[in-house]
Amino acid sequence: MMNVWKISVKNTLSKPLDVLLTVLFLGVSIALLLGVEELNESFKNKFNNNLGGVDLVIGAKGSSLQLVMASLLHLDSPTGNIPYEEALKISRNKLVKKAIPISYGDNYLGYRIVGTTNDFPEIYNATIAEGRAPEKAFEVAIGAVLAEKEHLHIGDTFKSTHGLVSDGHVHNKVMTIVGIYTKTNQVLDKLLVTPLESVWRMHEHHDEEHHDDDKPKEVTALLVKFRTPIGLLTFPRKINESTNMQAALPKYEMEKLFNFIGVGVTTVNWIAYLILGLSCLGLGINFLKLVKERAYDLALLRTYGARISELIRIILYEGLIITGVAIIIGLLLSQLIVYCIPHVLNIEVFQDLTLFIPYISFVKVIGLLLGILVVTVFIAIIPITKMKISKVLNDEV
Amino acid sequence: MIETQNLTYQYSKNDELLTFPDITLKHKDGLLILGKSGIGKTTLLHLFAGLLTPTSGSIKIDEIQIETLSSTKLDAFRGSAIGLVFQKNRALRSLTVVENLQARLFFNRKPEDMKVINDVLLQLDLDNCKHKKVNELSVGQSQRLGIAMAIVHKPKLILADEPTSSLDDENCNRVMKLLLDQAAITHANLIVITHDHRVMPLFSNVLKL
């Protein structure tokens with residue numbers, strides 16, 4: 001069966017190289033736009049997701065961003081320690097709904113061991129899926145992803161490594177896995193959680209060696225949730241001005257971080273839009289060329305009885321085919337980019353990144369393309385509507 | 001039945017006004033229009049095909065005054081009643097032989113009867129290359145395709161513009177024979193315009209412009 005669509009398809013296929021070039025340019029620019037947007041969205045989501053409703057992080061003085069990254073995202077190293085006494089004082093404040101101390105110092109196979117209370121998993125809405133919560137020193141409950149990846153089970157024992165990277169000095173104290181948390185898709189999935197005593201006693205051992213018994217207990221940071229927003233207004237200032245500690249607002253710090261990343265994202269986006277603009281220009285020029293080159297064929301169609309509207313449809317469908325294929329290629333390519341980058345770069349932040357397809361950007365890009373297509377086709381069909389069939393047929397001789 | 005009266009055409013105000021003698025053709029009659037280039041042969045042919053609108057005068061094809069038709073009706077009329085044979089580039093380059101014939105019928109809004117198409121392909125010895133692209137055809141096949149395109153929809157009037165001018169004697173005779181045969185088979189009027197005098201003996205009805 002012959003129809004207008006079939007003619008458009010055949011026309012498109014009759015110029016494979018021109019079409020391939022246009023489709024590739026369009027596809028790559030779409031892939032860049034969508035890929036960058038998807039990574040950006042996924043990052044934001046991953047970071048914000050891990051804030052777990054913590055209003056304030058209190059830790060040693062230093063970079064506030066570093067404090068948030070270390071205490072909530074478990075990415076950077078901590079700024080230092082704060083006295084446990086001070087932390088307890090803050091916990092007793094009326095405005096504080098919940099204050100969870102965390103203490104760092106060790107890792108197992110590169111996964112961080114967090115000394116804390118059993119309130120900690122609540123930040124991530126996690127519960128014990130298997131076994132029980134750790135109660136005594138040197139008992140640990142571990143994240144679901146960690147358990148699965150490293151094939152760890154309840155009852156397994158291990159010796160932790162000092163520091164936050166796996167090649168440090170190995171402690172002699174044996175830790176026992178007593179529980180595994182539910183999967184949260186948050187940072188908890190890759191943490192080992194143990195009572196604060198474990199961390200203290202692990203290091204007391206060191207302290208004994210160094211004959212330094214009287215050192216007061218310390219924690220790395222205190223994660224605070226307030227009862228009312230008033231806490232957010234008064235607390236940070238009080239702590240920053242009147243104590244040796246600093247208070248950092250996770251949401252604010254993350255905003256700052258996204259603004260830094262945002263510059264890069266914006267730059268790449270502009271480049272992508274530039275390529276998109278150029279490919280659209282290419283598409284337009286292609287169409288004009290096509291209408292010119294095919295003037296005779298189009299005139300022939302008119303002698304067959306084809307209406308002007310049918311010629312316009314032939315051109316429009318060709319545009320739709322090219323744009324459609326470009327969008328599909330762009331989508332596939334963007335997914336390839338998004339899946340490959342984490343594996344190629346092998347950076348910790350990229351790992352277990354839950355991908356969020358940016359539907360809004362997707363709709364925006366497609367809308368933009370279709371808009372441009374309509375304009376291009378509109379420009380390209382002006383010669384068709386003005387075409388003098390008789391003259392075109394004559395000129396061919 | 002084809003009839004023209006006081007037909008004139010002027011391309012633009014500064015151009016010479018072309019005037020044409022009155023022509024009357026009965027059912028199935030053929031006509032050869034001879035003349036030097038530039039004298040308005042193709043113009044006359046395009047007036048018949050409704051590709052140009054006469055400046056004055058009238059053209060009646062089967063009781064239809066074609067200069068009075070609206071552009072949509074003219075498109076439809078051209079598609080169904082007229083078959084045009086060109087000197088070269090006779091079909092759509094992106095389609096195969098059989099697809100071109102299908103397209104011819106499609107735009108003519110006639111049912112796509114594969115039997116009709118296959119018959120035409122057989123008559124014109126094109127059935128062995130029906131899935132070839134137009135630019136893969138030999139010169140002879142391409143000429144026959146041009147004729148096939150002009151007759152597959154069974155038009156009332158076949159118009160041929162210099163169909164033989166670039167051909168040697170042998171091919172000239174073959175093409176003309178095919179045209180005359182196909183016109184006879186489809187009961188169509190055949191109007192050929194040419195400056196090629198070799199064609200003269202084939203027509204009883206010759207008009208010199």
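**Entry 1: chain A as a whole**

What share of the 397 residues in chain A is buried? I looked this up before anything else. Buried residues make up 49% of chain A, where buried means under 20% relative accessible area, exposed means over 50% and partly exposed lies in between (1.4 Å probe, protein chains only).

I note that this is a predicted model, in which local features need pLDDT of at least 70 and side-chain atom pairs count only at pLDDT 80 or more, while totals for chains, interfaces and linings use all residues. Residues are numbered from 1 along each chain as its sequence is written, chains are lettered from A and ligands numbered from 1 in the order in which they are written, and side-chain values use heavy atoms, with hydrogens and water left out.

I then listed the secondary structure of chain A, which has 13 helices and twelve strands. These are DSSP runs numbered from the N terminus, with helices (H or I) of at least four residues and strands (E) of at least two. The radius of gyration of chain A is 31 Å, well over the 21 Å that the globule rule gives for 397 residues, so chain A is more spread out than a compact globule. That radius is taken over C-alpha atoms, and the globule rule is 2.2 Å times the number of residues to the power 0.38. Along the principal axes, I find that the C-alpha trace of chain A spans about 105 × 45 × 30 Å.

**Entry 2: the interface**

I turned to the two chains together. In contact (heavy atoms within 4.5 Å) are 31 residues of chain B and 28 residues of chain A. The chains bury about 2,700 Å² between them, 57% of it on carbon and sulfur atoms; this is the accessible area (1.4 Å probe) that two parts lose on being put together, summed over both.

How many salt bridges cross this interface? The rule finds four, a salt bridge being a side-chain nitrogen of Lys or Arg within 4 Å of a carboxyl oxygen of Asp or Glu. I examined one formed by A:Lys10 and B:Glu99, at 2.6 Å from N to O. On the chain B side that touches chain A, α1 (41-48), α2 (71-81) and α3 (97-107) of chain B each supply at least two residues. Of the elements there, α3(B) gives the most, with seven residues.

**Entry 3: salt bridges within the chains**

I searched the whole structure and recorded 22 salt bridges over all chains. A:Lys98 and A:Asp119 form one at 4.0 Å, N to O. A:Lys98 is in strand β3 (residues 96-108), and A:Asp119 is in the loop between β4 (111-116) and α5 (120-123), 21 residues apart. A:Lys98 counts as partly exposed at 30% relative accessibility, and A:Asp119 is likewise partly exposed at 25%.

In another pair, A:Glu318 meets A:Arg294, with the closest N and O atoms 3.2 Å apart. A:Glu318 lies in helix α11 (residues 308-345) and A:Arg294 in the loop between α9 (250-293) and α10 (295-303), so the pair ties together parts that are 24 residues apart in sequence. I find both A:Glu318 and A:Arg294 buried.

B:Glu162 sits in the loop between β8 (157-161) and α6 (169-185) and B:Lys41 in helix α1, 121 residues apart. B:Glu162 is buried, with a relative accessible area of 8%, and B:Lys41 is buried at 4%.
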